[in-house]
Amino acid sequence: MFLPISRTRPQPIFMHPAIFVSASVLLGMLFALQQWMSVRLWSYHIGIPLLLEAWGLQYFLWGVICWLLWRWMGTRIQQASVFYIITRVLPLSIIISIAEEMIWVLCFPNLPLRHRPMTYWQRLAFQLDAELIYNMVIFWCAFALFRGIGYYQKFREKEDAAAQLAVQLAHAQLATLRMQLNPHFLFNTMNSISSLMRTDVVAADTMLEQLGSLLRITLERGEVQFIRLNDEMEFVEMYLSLQERRFEGRVRQQLSVHPELHDALVPAMILQPLIENAYTHGLSKLDSNGLLVIEALREDTCLTLSVLNNGAGLNSSLPNGLDGQGVGLANIRSRLQLHYGEAQTFCIREVAQDQVRVTITLPLQFSSGPTEKLPRFGA
Amino acid sequence: MMIHAILADDEVLARQKLRQLLREEPEVEIVGEGASASETIDLVRATGPELLFLDIRMPGMDGFDVIGELSASIDLAMPSIIFTTAHDRYALRAFDIHAVDYLLKPFTSERLHSAVQRAREQIYATKQIAGRSNGRGQNGSSYTTRIVFKSRGRILFLSVSDIRWIGAEENYVRICTEGETHLLRETMSRLEERLDPQMFLRVHRSAIVNLQYLKEVRTEPNGEFTVVMVNGQKVAMSRSYHSRISELLARS
């Protein structure tokens with residue numbers, strides 16, 4: 001499954017206009033307080049309301065300007081090259097700094113204090129002399145902030161993409177692992193049918209029907225990873241009836257599922273490889289009195305699935321041997337690991353003379369999805 | 001009585017298989033084979049068969065179109081339909097138009113045999129009703145006569161008369177027939193509602209039995225009651241339901 005990497009960049013919460021401008025004004029207020037304290041040290045007196053007004057307006061103007069800059073030029077600022085910065089942003093910073101000062105001077109005709117009356121242009125020149133560099137610093141701080149946000153967002157995007165890729169990879173792995181389970185058994189069954197065809201047409205016919213049903217179910221499930229235990233057991237029953245035909249009465253099959261567990265979720269095709277294993281490495285070595293026990297039990301918050309056979313002990317075929325046994329079991333192991341991490345256990349043990357039991361424990365989860373429309377009643 | 005049948009399938013080999021398997025059914029006589037929907041419609045109109053084996057996916061119109069077309073002509077008696085298809089998704093539609101059975105390819109001769117058996121019963125029943133001049137079709141009761149469900153990759157149109165007994169398993173019920181059991185996601189009470197009480201009896205919170213297959217009610221040494229089925233199978237019975245059954249047994 002392909003998960004598209006999301007391209008929408010969420011705006012940082014502090015870039016909301018109200019929050020951004022208020023923060024800027026608050027900063028101005030702090031500067032005002034700072035100046036008020038410092039001028040008092042020099043035993044020089046300026047009224048606090050005037051300071052708050054002057055600083056507040058200045059930072060309010062800067063707040064609005066910077067927010068508009070973000071709004072109109074945010075992306076361009078984030079992507080700007082050095083050339084663009086020198087030829088466009090630098091002149092822009094000077095123009096904006098002057099413009100801001102022009103508005104500010106317009107609002108405070110009485111400043112600077114204790115000076116003879118000056119014309120607007122004289123006052124502007126006076127202020128610019130002191131404040132231009134200062135304004136430029138504010139502008140470039142905002143510039144740096146916007147670039148920083150850009151870098152942060154890019155970093156987060158990369159991180160998200162990496163996480164999504166990891167999920168996709170796990171999905172792909174799971175899909176492959178599931179696919180590896182089927183053909184093996186498909187070809188074996190086809191071979192059995194082919195050999196039956198010559199001796200017992202009716203039996204071959206039945207086996208073909210069963211194989212058809214199995215394939216239909218497998219295809220229907222498609223890429224689904226989890227299914228109801230009930231559905232998995234139905235599949236197992238069909239598989240067992242195919243095996244029963246191949247081993248004709250040599251193996252006694254016992255299935256038991258606790259009724260509470262019919263709706264429990266299990267990884268699809270988790271039992272079939274274990275059963276196939278029991279046949280190929282255990283039960284096939286017996287002429288008679290074979291026993292296969294498949295159980296699903298509930299233990300508190302866990303679901304235990306076990307497959308026991310009395311064919312041959314572990315020493316005759318090591319579970320991790322190179323005789324092909326390893327592949328199916330290793331597949332199950334890695335699927336369990338990918339699905340449940342450390343919350344599962346998988347163990348294979350010789351419980352008595354020649355009796356091998358494979359036990360899987362999973363966290364117990366129940367299906368909540370809707371069921372099939374069938375069954376239905378009719379007159 | 002002979003049952004005249006038409007085979008409709010666009011694949012030669014599929015028709016050949018049906019023809020071969022139907023040799024085992026002496027009562028069924030094949031009167032025609034259609035390779036397309038329009039051919040089939042013409043054949044049915046010309047021969048008026050009792051039974052139609054119908055594939056769903058065919059060139060031109062599909063199997064349901066054939067049925068629609070056929071039911072539009074008033075003078076024609078509708079044949080019983082057995083669907084043969086590789087697709088399971090039309091099962092409910094087939095069930096709704098009262099098809100006799102729904103065979104998923106590949107099917108065995110056994111499965112075909114049971115479908116033909118069922119068709120035969122249906123055809124006889126309609127013949128008898130027709131014989132009694134103004135028979136009123138079904139017995140008019142609102143109880144279900146069959147259930148459609150999927151079990152082990154097959155679609156089953158199970159007649160309730162084939163059910164021996166039903167056991168509860170949490171959110172599921174286990175339906176036991178002569179040779180098989182099927183697990184269905186259904187509740188006992190919902191099932192009990194749909195089943196004819198003349199035919200089925202709840203003997204326990206978790207068991208319903210078909211009276212047709214009930215042999216006796218036995219009192220165990222410990223005072224408990226057990227229902228014994230014809231095949232010897234025992235089903236536990238609770239006291240609260242006991243009076244109901246003794247009443248019923250007294251009646252018969």
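# A first look at chains A and B

Welcome! In this predicted model, 26 residues of chain A are in contact with 28 residues of chain B.

**Where the chains meet**

- H5(A) provides the largest share of the side of chain A that touches chain B, with 10 residues.
- By type, the residues on that side of chain A are 10 nonpolar, seven polar and nine charged.
- Strand pairing also links the two chains: S8(A) and strand S6 (residues 146-151) of chain B run in the antiparallel sense, joined over three bridges.
- To find this pairing in the structure, look for A:Gly378, which stands opposite B:Arg146 in S6(B).

**Helices H6 and H7 of chain A**

- The crossing of H6(A) and H7(A) is right-handed.
- From H6(A), the residues A:Phe235, A:Val236, A:Tyr239 and A:Gln243 meet A:Gln272, A:Ile275 and A:Tyr279 of H7(A).
- The residues of this contact divide into five nonpolar and two polar, with no charged ones.

**How covered is H7(A)?**

- Helix H7 (residues 272-281) of chain A is mostly covered, with eight of its 10 residues buried.
- Among the buried residues are A:Gln272, A:Ile275 and A:Tyr279, and these three meet H6(A).
- The buried residues of H7(A) also include A:Pro273, A:Leu274, A:Asn277, A:Ala278 and A:His281.

**A three-stranded sheet in chain B**

- Chain B has an open sheet of three strands in the order S13-S14-S15, with antiparallel pairing.
- Strand S13 (214-219) and strand S15 (234-237) of chain B stand at the edges with a single partner strand each, so one side of each has no neighbour in the sheet.
- On average, neighbouring strands of this sheet are turned by 25 degrees against each other, direction ignored.
- S13(B) pairs with strand S14 (residues 225-229) of chain B in the antiparallel sense, over five bridges.
- A handy place to look is B:Arg218, whose bridge partner in S14(B) is B:Thr226.

Definitions and conventions:
Residues are numbered from 1 along each chain as its sequence is written. Chains are lettered from A and ligands numbered from 1 in the order in which they are written. This is a predicted model: local features need pLDDT of at least 70, side-chain atom pairs count only at pLDDT 80 or more; totals for chains, interfaces and linings use all residues. Two residues are in contact if their C-beta atoms, placed from the backbone, lie within 7 Å. Helices (H or I, at least four residues) and strands (E, at least two) are DSSP runs, numbered from the N terminus. Ala, Val, Leu, Ile, Met, Phe, Trp, Tyr, Cys and Pro count as nonpolar, Asp, Glu, Lys and Arg as charged, and the others, Gly among them, as polar. Two strands pair if DSSP finds at least two bridges between them. A residue is buried if 20 or more other C-beta atoms lie within 10 Å of its own, exposed if 12 or fewer, and partly exposed in between; C-beta atoms are placed from the backbone. A crossing is left-handed if the near helix is turned anticlockwise from the far one by less than a right angle, and right-handed if clockwise. Axes are lines fitted to C-alpha atoms, for helices over the stretch in contact, and angles run from 0 to 180 degrees between N-to-C directions.
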